[in-house]
Every structure is written in C-alpha cells, then in structure tokens.
Amino acid sequence: MGISQYIKEIGRGARGAKPLSREQAADLFGQVLDGQVTDLEIGAFCLAMRIKGETSEEMCGFLDATHQRVAQLPATDRPLIVLPSYNGARKLPVLTPLLALLLAREGLPVLLHGMRTEARRVLASDVLLALEIPALEAPEFIANGAVRHIHTQNLHGGLARLLAVREVVGLRNPGHSVVKLMSPGAGSSVVVTAYTHPEYFEMLQTTFRTLGMSALLSRGLEGEVATDPRRTPRYDGFVHGAHAVLDSQQPGTASEVPGLPAEIDIATTAAYTRRVLAGELPVPPAIERQVEHILQIAVRTAEPTASETTP
C-alpha cells in the first residue's frame with residue numbers, strides 16, 4: 001500500500017503538518033521496518049518527521065510497531081536494565097560501559113544495544129570488547145550480575161537500516177528516538193535513556209506514562225545515557241508509568257574528576273574502567289548517584305502492582 005497517504009499529512013511543513021494517530025504511526029513504522037516501502041518514501045518520511053517533530057502518540061505507535069517485530073531476549077530474574085548506546089565519545093571518555101558494569105556488580109542483568117550512527121566516535125561496544133565482554137550474535141538469556149551487548153542488526157535488520165539512513169541524508173530520524181526508548185526484553189525492564197534537546201522532554205515523559213514503562217530519564221552526555229561525571233543533572237524516574245522527580249539539577253560543574261583521562265580512545269577508556277571497578281580510582285559521584293536511582297527503580301519495578309495483589 002505504501003506510506004504516501006501518511007507523508008501527505010506529516011510533510012506539509014512545521015505549521016501545516018498534521019500529527020498521526022497512534023494506530024497510523026504504528027502502521028507507517030511497521031511498513032518501514034518490514035521493507036515494504038521505497039527508499040524515496042523512507043527519505044521523505046525521515047525528512048518530514050525531522051521538520052515536524054514526533055508527538056507522544058506517534059512515538060507510542062512507532063514503539064508499538066517496533067516491539068511487535070524486534071527480537072526479544074528471554075525474561076530475566078530481575079528487571080533487565082536496558083542501556084541504549086548510539087552516539088559514543090567525542091570529547092569525554094564514554095562511561096556507558098562503566099555504568100553497565102557497576103549495575104551488574106549490584107546483581108542486575110544488563111543489556112547494552114547499539115550501533116555506529118556517527119563517524120569517528122569511540123563506541124561503548126568497542127570498550128566492552130576491549131574489556132573482554134563479547135557481543136551477542138543473537139538474543140539470549142542474561143543472568144543476574146552479567147553485562148551483554150548486541151548490535152541493532154541482531155535485534156531487527158529493518159531498524160538498523162533505518163538508522164543508517166542518517167549516513168545518506170545527514171539528519172537523525174524517528175528511528176534514533178525509538179532505539180533509545182525500546183525494551184527488547186520479554187520480561188520486566190528498566191530503560192535508561194537521555195535527551196539532548198529540551199523540546200523532547202515533555203514528549204518522552206508522556207510516552208513513558210502512556211506505555212506504563214519503567215525508566216530513568218536525564219540529560220545526556222554527547223548523546224550517551226551515562227551521565228556527565230562532572231555534574232549531577234535532573235533525574236526523572238518512571239515505575240510502570242508513574243512519574244517522580246528523583247533529583248533536581250545541581251548547580252556548577254566540577255573542574256576535575258579524579259582519575260578521569262583526557263584521552264577518549266578505546267584502550268585508555270577500558271583501562272580507566274578497570275581501575276574504577278578494582279577500587280584503584282573512585283567512582284565519579286555523578287555516576288554513583290545514577291546507579292542508585294536505577295537500583296531504586298529496578299526494586300520498585302519488581303514489586304507486585306496493585307492489580308497483581310488484588311484478589
């Protein structure tokens with residue numbers, strides 16, 4: 001059938017474009033993921049949405065289509081901590097691997113998923129490989145206290161192809177938002193995600209509430225979900241969609257983080273991560289605080305809901 005009827009609605013510019021319903025967005029995105037549309041239509045969809053911006057209804061629809069198709073990991077004993085990693089390091093070392101390993105040390109199962117979407121950046125997955133943590137070739141059960149990482153291609157090929165459109169048109173598209181919000185686990189999970197642009201904040205909050213997700217939301221560092229080690233941002237927590245502000249943004253930026261290297265290459269970042277985990281260097285307080293919030297959300301996510309306890 002194609003998606004031209006949807007492009008007519010969303011492609012009328014920032015003022016003339018009309019939002020799609022959740023059902024329409026799910027149908028559109030499903031066709032894109034399934035490869036049922038032409039490259040020209042995909043390009044038009046990506047550019048139209050970049051100009052218009054996603055509504056929470058549209059994002060819920062995009063996630064509906066994604067969760068219906070993405071390969072799922074088996075349910076875990078404790079809530080699966082999901083760390084999307086699609087940007088990598090540009091100026092500061094990428095600390096998403098450190099965050100993942102600190103969470104695993106607390107006995108949580110941790111999944112990092114991602115792929116390269118920007119050239120010349122150091123990826124979290126590269127650092128995990130340097131730490132001798134192999135990538136998964138296909139979804140599999142993650143034990144408590146373990147970290148695993150997987151390329152987006154091995155979760156859904158169509159989603160990886162959509163992300164790769166950025167290499168052609170030079171702009172992000174809804175796929176980049178979807179991968180930072182999706183949960184590819186069959187059981188309960190906590191999605192740790194971040195936003196860079198303030199205009200996405202309300203849309204993300206509404207999406208989490210509508211879908212009943214458990215998540216930790218904060219401002220990101222260079223697009224990564226691990227917090228900036230130099231400062232404590234505002235943290236918004238969601239447990240089955242219920243929202244609470246866990247921390248307000250703290251003023252000021254630390255001029256120095258003990259032991260944090262100036263270099264961002266894979267070997268240096270891996271060596272720093274090892275030294276922090278071994279206790280030779282302190283955990284940056286901002287990262288430590290982020291771990292505490294994720295643990296709190298995971299504990300509350302695992303508790304029975306009111307509907308489960310009502311006879």
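**Spaces and helix contacts**

Author: The lining of the largest cavity is made up, by class, of seven nonpolar, two polar and two charged residues. Here Ala, Val, Leu, Ile, Met, Phe, Trp, Tyr, Cys and Pro count as nonpolar, Asp, Glu, Lys and Arg as charged, and the others, Gly among them, as polar.

Reader: What sort of model is this?
Author: It is a predicted model, where local features need pLDDT of at least 70, side-chain atom pairs count only at pLDDT 80 or more, and totals for chains, interfaces and linings use all residues. Residues are numbered from 1 along each chain as its sequence is written, and side-chain values use heavy atoms, with hydrogens and water left out.

Reader: Which residues line the largest cavity?
Author: The lining includes Gly88, Ala89, Leu92, Pro93, Leu221 and Glu222. A cavity is a set of points on a 1 Å grid over the protein atoms alone where a 1.4 Å probe fits but cannot get out; a pocket is an open set with protein on both sides within 12 Å along at least five of seven lines, and lining residues have an atom within 4 Å of a point.

Reader: What volume does the largest cavity have?
Author: About 60 Å³. Volume is the space filled by probe spheres set on the points, which are joined across faces, edges and corners.

Reader: And the largest pocket, what is its volume?
Author: About 500 Å³. It is lined by 27 residues, and the closest to its centre are Asn87, Arg172, Lys180, Thr196 and His197. By class, that pocket lining has eight nonpolar, 10 polar and nine charged residues.

Reader: Switching to helices. At what angle do helix 6 and helix 13 pack?
Author: Helix 6 (residues 96-105) and helix 13 (residues 285-302) pack at about 50°, and their axes are 10 Å apart. Helices are DSSP runs (H or I, at least four residues), and strands are too (E, at least two), numbered from the N terminus. Axes are lines fitted to C-alpha atoms, for helices over the stretch in contact, with angles from 0 to 180 degrees between N-to-C directions.

Reader: Who touches whom there?
Author: Leu99, Leu102 and Leu103 of helix 6 meet Ile287, Gln290, Val291 and Ile294 of helix 13, contact being heavy atoms within 4.5 Å. That contact has six nonpolar, one polar and no charged residues.

Reader: How about helix 3 and helix 5, at what angle do they cross?
Author: Roughly 45°, with the axes of helix 3 (residues 22-33) and helix 5 (residues 56-69) coming within 7 Å. Among the residues in contact are Phe29 and Leu33 in helix 3, and Phe62 and Ala65 in helix 5. By class, this contact has seven nonpolar, three polar and five charged residues.
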